[in-house]
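This report describes selected packing features of one protein chain. Please consult the sequence and the structure shown below while reading.

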Amino acid sequence: METFAYGSSPSRPSSPTNLDQEERHGHLCPTSHPIRDGAGCSAACILRCCALRQERTQINFTVAIDFTASNGNPSQSTSLHYMSPYQLNAYALALTAVGEIIQHYDSDKMFPALGFGAKLPPDGRVSHEFPLNGNQENPSCCGIDGILEAYHHSLRTVQLYGPTNFAPVVTHVARNAAEVQDGSQYSVLLIITDGVISDMAQTKEAIVNAAKLPMSIIIVGVGQAEFDAMVELDGDDVRISSRGKLAERDIVQFVPFRDYVDRTGNHVLSMARLARDVLAEIPDQLVSYMKAQGIRPRPPPEAPASSPPQSPAHTPPASPLHTHI
């Protein structure tokens with residue numbers, strides 16, 4: 001889990017002024033800058049920081065993958081889950097591309113990875129939040145390669161089914177985010193889906209409830225389906241609501257993966273642009289949570305007072321001391 005300083009930049013200490021000034025000037029930058037585009041905007045610097053009482057905010061990522069039948073039979077080349085021996089399928093390509101971005105913000109490279117919408121062995125029960133690695137106690141996978149290995153294993157062992165319910169995985173991450181709300185941790189859920197959602201009302205309710213927690217959601221849509229429901233969840237134009245309750249803040253960012261690949265769908269055209277757009281809204285979402293909770297950056301520690309200059313020792317004229325520099 002990578003840590004970031006809120007309201008500071010690598011070259012400038014945080015100013016102990018109001019939060020609005022911190023928000024305008026702050027950047028969230030890890031120690032390295034892995035992806036940088038020609039316009040001078042790096043994915044590493046797209047997030048702003050959150051330094052809290054000399055603590056640092058941990059960014060916790062969870063991945064959730066759509067295993068519903070609307071993706072097509074994995075044994076057929078038309079399926080978004082098709083396991084070709086020659087190239088990555090749409091999900092693996094999206095996971096690899098986005099994972100290469102987000103892994104730089106997670107220092108231990110351990111990612112909880114969930115699946116939803118499949119029938120599980122041995123009894124065929126349908127699950128909407130099963131661990132890809134099969135470990136109910138610890139769904140974390142080691143790095144992007146670990147997620148891909150667990151994903152391919154799940155494709156061989158589960159049956160794609162349905163419906164496409166987002167609410168359980170949103171609630172799963174929200175439950176973890178609710179455990180620590182002092183600003184020291186912030187959760188980000190990455191959902192990769194073909195966009196055909198079945199529990200829109202329940203998902204809206206889950207998002208509205210999660211909007212008051214330290215949490216953001218990135219939805220990456222794969223395939224050629226219409227993503228009207230995903231755009232609605234994004235809430236850029238109209239803030240989502242449920243049961244007459246408006247979400248306290250916008251916490252969802254939707255990215256259609258097809259906009260970043262070539263016509264064959266096998267190659268990402270611009271990793272820098274994908275990185276920028278995937279992370280585009282997280283800075284303001286993180287800052288909006290801190291402001292809503294009244295969590296302010298702590299002023300930087302004062303520099304220790306310098307000792308008064310000492311007078312040089314008196315040297316007798318008979319034995320002068322010559323110092324050569």
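## Alanine 92 and its surroundings

Alanine 92 touches Leu148 and Tyr151, leaving aside residues up to four places away in sequence; contact here means heavy atoms within 4.5 Å. Alanine 92 is found in helix α2, where helices (H or I, at least four residues) and strands (E, at least two) are DSSP runs numbered from the N terminus. With a relative accessible area of 1%, alanine 92 is buried. Buried means under 20% relative accessible area, exposed over 50%, and partly exposed in between (1.4 Å probe, protein chains only). The C-alpha atoms of alanine 92 and isoleucine 147 are separated by 9.4 Å, and the two residues are 55 apart along the chain.

The model is predicted: local features need pLDDT of at least 70, side-chain atom pairs count only at pLDDT 80 or more, and totals for chains, interfaces and linings use all residues. Residues are numbered from 1 along each chain as its sequence is written, and side-chain values use heavy atoms, with hydrogens and water left out.

## Aromatic pairs

A pair of aromatic rings is described by the distance of the centres and the angle of the planes. Rings of Phe, Tyr and Trp (its six-membered ring) pair if their centres lie within 6.5 Å; planes under 30 degrees apart count as stacked, over 60 as edge-to-face and the rest as tilted. By this rule there are four aromatic pairs. One of them joins phenylalanine 67 and tyrosine 151 edge-to-face, at 5.9 Å centre to centre and with 65° between the planes. Phenylalanine 67 lies in the loop between β3 (55–66) and α2 (90–102) and tyrosine 151 in helix α3 (residues 143–157), so this pair ties together parts that are 84 residues apart in sequence. Phenylalanine 67 is buried at 0% relative accessible area, and tyrosine 151 is buried at 1%.

Phenylalanine 116 and phenylalanine 166 also form an edge-to-face pair, with 5.7 Å between centres and 80° between the planes. This pair links distant parts of the chain, 50 residues apart: phenylalanine 116 belongs to strand β4 (residues 110–116), and phenylalanine 166 to the loop between β9 (159–160) and α4 (167–177). Phenylalanine 116 counts as buried at 0% relative accessibility, as does phenylalanine 166 at 1%. Phe67, Phe130 and Tyr151 form one aromatic cluster.

## Serine 127

Serine 127 is found in strand β6 (residues 125–127) and counts as buried at 7% relative accessibility. Apart from residues up to four places away in sequence, serine 127 touches Phe116, Gly117, Ala118 and Leu120. The side chain of serine 127 reaches the backbone nitrogen of glutamate 129 at 3.3 Å.

Is strand β14 mostly covered or mostly uncovered? Strand β14 (residues 252–256) is mostly covered, with five of its five residues buried. In a regular strand the side chains alternate between the two faces of the sheet. On one side of β14 Val252, Phe254 and Pro256 are buried, and on the other Gln253 and Val255 are buried. Strand β11 (residues 215–221) pairs with β14 in the parallel sense over five bridges; two strands pair if DSSP finds at least two bridges between them. Isoleucine 218 stands opposite glutamine 253 in β14.

Helix α5 (residues 200–210) has the buried residues Met200, Thr203, Lys204, Ala206, Ile207, Val208 and Ala210. Among the elements that cover them are α4, β11, α6 (228–234), β12 (241–242), β13 (245–246) and β14.

Technical notes: Polar contact = N/O pair within 3.5 Å; in protein donor to acceptor, adjacent residues only side chain to side chain.
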